[in-house]
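Work through the exercises below with the sequence and the structure open. Try each task before reading its solution.

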Amino acid sequence: MGSAGAPEWLIREDAGQPVLLALYLRQVLGIRSPDELPHLRGIPPRANDRDEEAQALLERQWREYWAMTVEPQAHPAEVPLDLIDGFGTLLALPSRGSEQLRSAVAPFGPEALAFAQSTNARYRRDATHGTGTAYRAYASAIAEYERQVGRRAHSFELNVQVLPLTQRGVWWIGSLTIAVTDGLRGDVAAFDAAIHPIIAELA
């Protein structure tokens, strides 16, 4: 965003179905990683009855899948990916090295898919009602940052995932990606305050 020769910033906001699906699976599988990210609202977490070794293996495979889901260009798979039956085109796992995760997610396809689709549809409905407000929220934070530091913001990219999490807040989930609670995103003043440190870090 900007005229020729001026710094450019690109912010993409979504409630991405692959990210929602991954977090749903994280919860129903009893995965702890990433530790700092709260649970989704309304999805009971699984009581973990695996032994320590099995849990550690599943967590490692899920973390690899999560990194590929959040920032696929930064975390390309080292082996071909296979679509997993029951998940449409939303879940592809490495053909080797994800056997435990593949087996663990198998029973959850229809419910995980339904959750991701309905949550994404709700986000889109809410975003349509506030047409233009998403752009204004970020533009105003960048303008305020520029006033504070007395220079133009550097060019940067930011991906924002708006998620139905149990706690209000903002969390880094990738090198260029943050998760923000839907309730916080809908609160203009609170979101403005929360996004300022993010913009300052990037710009």
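This is a predicted model: local features need pLDDT of at least 70, side-chain atom pairs count only at pLDDT 80 or more; totals for chains, interfaces and linings use all residues.

**Exercise 1. A pair in helix H2**

Find the salt-bridge partner of glutamate 64 and state where the two residues sit.

Step 1. Glutamate 64 pairs with arginine 60. Their closest N and O atoms are 3.3 Å apart. The cut-off is 4 Å, so the pair counts as a salt bridge.

Step 2. Both residues belong to helix H2, residues 52-70. They are four residues apart, so about one helical turn separates them.

Step 3. Check accessibility. Glutamate 64 has 40% relative accessibility, and arginine 60 has 37%.

**Exercise 2. A pair in helix H5**

Which residue forms a salt bridge with glutamate 144, and how many residues apart are the two?

Step 1. The partner is arginine 147, with the closest N and O atoms 2.6 Å apart.

Step 2. Helix H5 spans residues 133-149 and holds both residues. Their spacing is three residues, about one turn of the helix.

Step 3. Glutamate 144 is partly exposed, at 25% relative accessible area. Arginine 147 reaches 58%. Exposed means over 50%, so arginine 147 is exposed.

**Exercise 3. A pair between loops**

Decide which parts of the chain the salt bridge of aspartate 187 and arginine 168 ties together.

Step 1. The two side chains meet at 3.1 Å, N to O.

Step 2. Aspartate 187 lies in the loop between helix H6 (182-185) and helix H7 (188-202). Arginine 168 lies in the loop between strand E4 (156-163) and strand E5 (170-172). The pair therefore ties together parts 19 residues apart in sequence.

Step 3. Aspartate 187 is partly exposed at 29% relative accessible area. Arginine 168 is partly exposed too, at 49% relative accessibility.

The structure holds eleven salt bridges, these pairs among them.

**Exercise 4. Helices H1 and H2**

Are H1 and H2 roughly parallel or roughly antiparallel?

Step 1. Packed helices are described by the angle and the distance between their axes.

Step 2. The axes of H1 (residues 17-29) and H2 come within 10 Å and cross at roughly 165 degrees. Angles over 145 degrees count as roughly antiparallel. H1 and H2 are therefore roughly antiparallel.

Step 3. The crossing of H1 past H2 is left-handed.

Step 4. List the contacts. H1 contributes residues including Pro18, Leu25 and Leu29. On the H2 side are Leu58, Trp62, Tyr65, Trp66 and Thr69. By class, the contact has eleven nonpolar, one polar and one charged residues.

Note on methods: Residues are numbered from 1 along each chain as its sequence is written. Side-chain values use heavy atoms; hydrogens and water are left out. Buried means under 20% relative accessible area, exposed over 50%, partly exposed in between (1.4 Å probe, protein chains only). Axes are lines fitted to C-alpha atoms, for helices over the stretch in contact, and angles run from 0 to 180 degrees between N-to-C directions. Angles under 35 degrees count as roughly parallel, over 145 as roughly antiparallel, 65 to 115 as roughly perpendicular and the rest as oblique. A crossing is left-handed if the near helix is turned anticlockwise from the far one by less than a right angle, and right-handed if clockwise. Contact means heavy atoms within 4.5 Å. Ala, Val, Leu, Ile, Met, Phe, Trp, Tyr, Cys and Pro count as nonpolar, Asp, Glu, Lys and Arg as charged, and the others, Gly among them, as polar.
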